[in-house]
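Dear colleague,

Please find the structure below, together with the sequence.

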Amino acid sequence: MSLLAKAQGRPSEAISAARGAQSVARHLGSARLLSLCHMREAGERVLMGAGGATDKAIVAVHTLYAKGPCAAAPS
């Protein structure tokens, strides 16, 4: 949904979709999936010019991705 909203030029909706996906991903226990959701959010925030929020999302991407894969990761 985030990518679709981005393609349609609706960055706020894309961020909301990415944040919703983060909520779901947290319950799945996959750091890599959660990292991807934060990356979607960061991509939209940078287009909106939200520097501080972009930096925070990018730090989350790196931190979560560095945790590596896990058995809970969806295929």
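In a left-handed or a right-handed crossing, how does α2 pass α3? The crossing of α2 past α3 is left-handed; a crossing is called left-handed if the near helix is turned anticlockwise from the far one by less than a right angle, and right-handed if clockwise.

Please note that this is a predicted model, in which local features need pLDDT of at least 70 and side-chain atom pairs count only at pLDDT 80 or more, while totals for chains, interfaces and linings use all residues. Residues are numbered from 1 along each chain as its sequence is written, and side-chain values use heavy atoms, with hydrogens and water left out.

Helix α3 and its neighbours

Helix α3 covers residues 31-48; helices (H or I, at least four residues) and strands (E, at least two) are DSSP runs, numbered from the N terminus. With 18 residues, α3 reaches 26 Å from its first C-alpha to its last, close to the 26 Å expected at 1.5 Å a residue (the expected span is 1.5 Å times one less than the number of residues). G49 follows α3 and has a positive phi, near 80°.

The buried residues of α3 are A31, L34, S35, C37, H38, E41, A42, E44 and R45, where buried means under 20% relative accessible area, exposed over 50% and partly exposed in between (1.4 Å probe, protein chains only). These buried residues pack against α1 (2-7), α2 (11-28) and α4.

The axes of α2 and α3 are 8 Å apart, and the helices pack at an angle of about 165°; axes are lines fitted to C-alpha atoms, for helices over the stretch in contact, and angles run from 0 to 180 degrees between N-to-C directions. α2 is therefore roughly antiparallel to α3 (under 35 degrees counts as roughly parallel, over 145 as roughly antiparallel, 65 to 115 as roughly perpendicular and the rest as oblique). Among the residues making this contact are I15, A18, R19 and Q22 of α2 and L34, H38, E41 and R45 of α3; contact means heavy atoms within 4.5 Å. The contact of α2 with α3 divides into eleven nonpolar, three polar and six charged residues. Here Ala, Val, Leu, Ile, Met, Phe, Trp, Tyr, Cys and Pro count as nonpolar, Asp, Glu, Lys and Arg as charged, and the others, Gly among them, as polar.

Helix α4 (residues 51-66) also meets α3: their axes come within 8 Å and cross at roughly 160°. α3 and α4 are therefore roughly antiparallel to each other, and α3 passes α4 in a left-handed crossing. This contact includes L34, S35, H38 and R45 of α3 and A57, V61 and Y65 of α4. The residues of the contact of α3 with α4 comprise twelve nonpolar, three polar and two charged.

Individual residues

E41, in α3, has a relative accessibility of 5% and so counts as buried. Not counting residues up to four places away in sequence, E41 touches I15, A18, R19 and Q22.

S2 belongs to helix α1 and is buried, at a relative accessible area of 10%. With the same exclusion of residues up to four places away in sequence, S2 touches A14, A17, A18 and R40.

L36 of α3 is partly exposed, at 33% relative accessibility.

P69 lies in the segment after α4 and counts as exposed at 66% relative accessibility.

Yours sincerely
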